Amino acid sequence: MNDLSKRSVIAPIQAIDLMTAAFDLQRKGRSVIHMAVGQPAAPTPWVVREAAERAVRDGKIGYTEALGIPSLRERIACYYAETHGLEIAPDRVVVTTGSSGAFNLAFLALFDVGDNVALPAPGYPAYRNILKTLGLGAIEIPTTEDTRWTITPDMLAEAHARHDLKGLILASPNNPNGTMIAPKDLAAIVEACKRLGIRLIMDEIYHGLVYGFPTETALSFSDEVVVINSFSKYYCMTGWRIGWMVVPERFTRTLECLSQNLSLCVNAVAQIAGQAAFDATEELEQVKAGYAANRDLLLERLPSLGLGKLHPADGAFYLYADVAHVTSDSMQFARKLLQDTGVAVTPGIDFDSILGPQHIRLSYAGSQRDVSEGLDRIEGWLK
Ligand SMILES: Cc1ncc(COP(=O)(O)O)c(C=O)c1O
C-alpha cells in the first residue's frame, strides 16, 4: 500500500543529491571541489553576522509581523529606489523564507488547482516541482540558441494558445546558464503577459551578480508583475533562509493571511541580519570580483578542454556546458567525475528533461584556488 499522497511524489534536485554525495566523500577523507551547488563559498558579510549576534545577545527573538519587520520592508523598498530609481511602496514588500518560500506563497495566492503556469527549459527545477505538488500544470517552453535561450512573446503566445496559461515564471539571470533577458525583451514579455492575461512572476535572485550585461527589474515595466528576490546569492546568506517579493498592493493582505497560517513569520534573526546586508556592499563587491575572475578563468580554459559550447554567461555564477560529444547521460558523467576526481558538477537533467542529459552546470561561486584546481582535475580526467 502506498500511504503517501500522490502530490508528495516530487522529483529530487540532483544538484543537492550530488552535494550530499560530495559531502559523504569529504567525510571519508577525499578532497572535494564543490562546483555543483549554487552557493557562495564566501562567508556571510561581517556586518550581517554582527547584527545577528547583537539580536541573539539581546534575546528578544519573537514572532514578527507576518509580512516582515516594517523597517526591513522599508529597506527593501529603498533598494529599488537606489538600484533602479523606482518608488516602491513598502506595503508591496513581503518578506519570505528565501525565494523558495516566496514561490510557494505566490503560487498559492495567484493560481488555482489545475491552472497552467509556463516556465523555461532549461530552468530552475523547483519551479516545476512546486507547481506540480500544488496541483498546477507546469508547462515547459523549450528555449534554443536562436532566441538566446530565452522565451519570446511569440513562443509565449503559442504556448498560451495550446495550454491557456495563467502564469509565467522566468529568471534573469537564469539558472542553470546565467543567461539574461535584455531589458527591451523583458519589456516585450511584460507587455505580452498583459495582453494575454498571464501573470508574470519574475525571479530576480541573481540580480547584483551580473558581468556587464544591462540589468533591469521587471518592476520598471509594470506594477502588475510579481518580483521575487532573495538574500541567498549576492548577499551570501543561503543558510539564513530569507528573501522577499514585491507584489501589487491589492495582493498584500492575502499574502499576509497565507503567511500567518503557513509559517506565522520568517525567522526573526534572519530578518534583522537581512536588513544589515544592505550595508555590506563593499565586502560583497569584493566577493563578486572573485566570481568575475573565476568566470574569466573558466571562459579561457574550458574551450581547450573541449567544453567551450556554453550558453551566454551574463550573470549568476554558473556556466552551462554542452557535453554531448562525451556523454548522452550527464547524470552518470557527473557521478563518475565526482567518484574519479572529487569534482562535483551538476547534471543538466535537473533543469531540462530533453537537452539536460547532454549538459552539465559548473558553479563558480567557490574560491579561485578551487576553480583552478577543479579545472586541472577535469582536464586530467577528460584526456
Ligand atoms: C533561480 C533560483 N531561484 C531560487 C532559488 C532558491 O533560493 P533561496 O530559496 O535560497 O532564495 C535558487 C537556488 O539556487 C535559484 O537558482
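How do α6 and α7 lie relative to each other, roughly parallel or roughly perpendicular? Hold that while you set up the view.

This is a predicted model, in which local features need pLDDT of at least 70, side-chain atom pairs count only at pLDDT 80 or more, and totals for chains, interfaces and linings use all residues. Residues are numbered from 1 along each chain as its sequence is written, and side-chain values use heavy atoms, with hydrogens and water left out.

Colour by domain. Domain 1 takes 6-43 + 281-382, and domain 2 takes 46-277; these bounds come from an automatic or database domain assignment. Their C-alpha centres are 24 Å apart. At the interface, 35 residues of domain 1 contact 33 residues of domain 2 (contact: heavy atoms within 4.5 Å).

Select 31-378. An unreviewed UniProt entry places "domain: Aminotransferase class I/classII large" here; such annotations may be inferred rather than shown by experiment. This span is 40% helix and 15% strand, with its end C-alpha atoms 14 Å apart. Helices (H or I, at least four residues) and strands (E, at least two) are DSSP runs, numbered from the N terminus.

Now select α6 (residues 153-163) and α7 (residues 183-196). Their axes come within 9 Å and cross at roughly 25°. Axes are lines fitted to C-alpha atoms over the stretch in contact, with angles from 0 to 180 degrees between N-to-C directions. α6 and α7 are therefore roughly parallel (angles under 35 degrees).

Show side chains. From α6, Pro 153, Leu 156, Ala 157 and His 160 meet Ala 188, Ile 189, Ala 192, Cys 193 and Leu 196 of α7. That contact holds eight nonpolar residues, one polar and no charged (Ala, Leu, Ile, Cys and Pro are among those counted as nonpolar; Asp, Glu, Lys and Arg count as charged, and residues in neither group as polar).

Conventions. Parallel < 35°, antiparallel > 145°, perpendicular 65-115°, else oblique.
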